[in-house]
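Here are a few exercises to work through with the model open in your viewer. Try each one before you read its solution.

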Amino acid sequence: MTLLTGRAGVGFTLEGVGLGYGGNAVLRNIDLEIEPGEVLVVVGASGSGKSTLLRALAGLLPPYEGRILAGGAEVRGPSPERAMVFQDDALLPWRTVLRNVELPLGIRGMDKAARRAAASEWIERVGLAGYENRLPRELSGGMRQRVQLARALVGAPRAVLMDEPFGALDAQTRAEMQRLLLDVLERTEATVVFVTHDVDEALLLGHRIVVLGRTGLRVFGDATREQIVKEL
Ligand SMILES: Nc1ncnc2c1ncn2[C@@H]1O[C@H](COP(=O)(O)OP(=O)(O)OP(=O)(O)O)[C@@H](O)[C@H]1O
């Protein structure tokens, strides 16, 4: 079997982390444990620092103080172990669906036949069988997000970092994508950190919810909608 499966999710530890840009602090003194294999949703108002936190977990933004560990090792830059999914279409426009999904496997040096088999399997899982040779511009927004999801998961990353992946979709497509994500996550042990500003989406998807709110960062294991809205 060519699929990469069964790789355990990675946990993150944030110790006294400060994040910001050019001397302007966005988030200060964050202590947070993200458990291996959990789906942690980060919710907060616009500008609260959700994407900033995600970028730091990805290794794209170094903390100005404190440290971030992934699986016990300090995060010092991006890694294929931590896949990202963005709101905006981050697919390569000149590559077909198949070749976009194969991309992370090429970077890992997998041979062509194995790449093709693994990518085809994931394309089918996200409901896009038959669309392998389409270009991104020939797909709807929801379909493009399906391709991003397949591309993120095909390499069996140990964490998937998702930045408002369904934020630009209409309500019905968004609900479909949420169901698809829940279904797909059953097949992976990856740790998921999912950013949204939608409280209902957070409650639907998250094992735990981190609120970046008025009183700073709060973690909820079992929260009601009212509790979260109050924090925002
Ligand atoms: N590249 C950057 N350079 C300078 N400041 C930035 C940069 N990116 C974000 N910021 C600032 O950091 C703060 C947090 O931004 P961030 O994008 O993390 O918020 P967010 O919660 O993800 O917001 P949204 O929901 O609108 O995407 C904002 O004040 C923003 O202006």
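**Exercise 1.** What share of the contacts in the protein with a separation of 6 or more comes from residues 24 or more positions apart?

First, a caveat: this is a predicted model, where local features need pLDDT of at least 70, side-chain atom pairs count only at pLDDT 80 or more, and totals for chains, interfaces and linings use all residues. Residues are numbered from 1 along each chain as its sequence is written. Now take a contact as two C-beta atoms, placed from the backbone, within 7 Å. Residues 24 or more positions apart account for 70% of those contacts.

**Exercise 2.** Work out the strand order of the open sheet of 4 strands.

Start with strands, which are DSSP E runs of at least two residues, just as helices are H or I runs of at least four, both numbered from the N terminus. Two strands pair if DSSP finds at least two bridges between them. β1 (residues 12-21) and β4 (residues 65-70) run antiparallel, joined by 5 bridges. One of the bridges links Thr 13 to Leu 69 in β4.

**Exercise 3.** Find the element that gives the most residues to the shell around the ligand.

List the residues with a C-beta atom, placed from the backbone, within 6 Å of the ligand; among them are Tyr 21, Lys 50, Ser 51, Thr 52 and His 197. Then sort by element: α1 comes out on top, with 3 residues.
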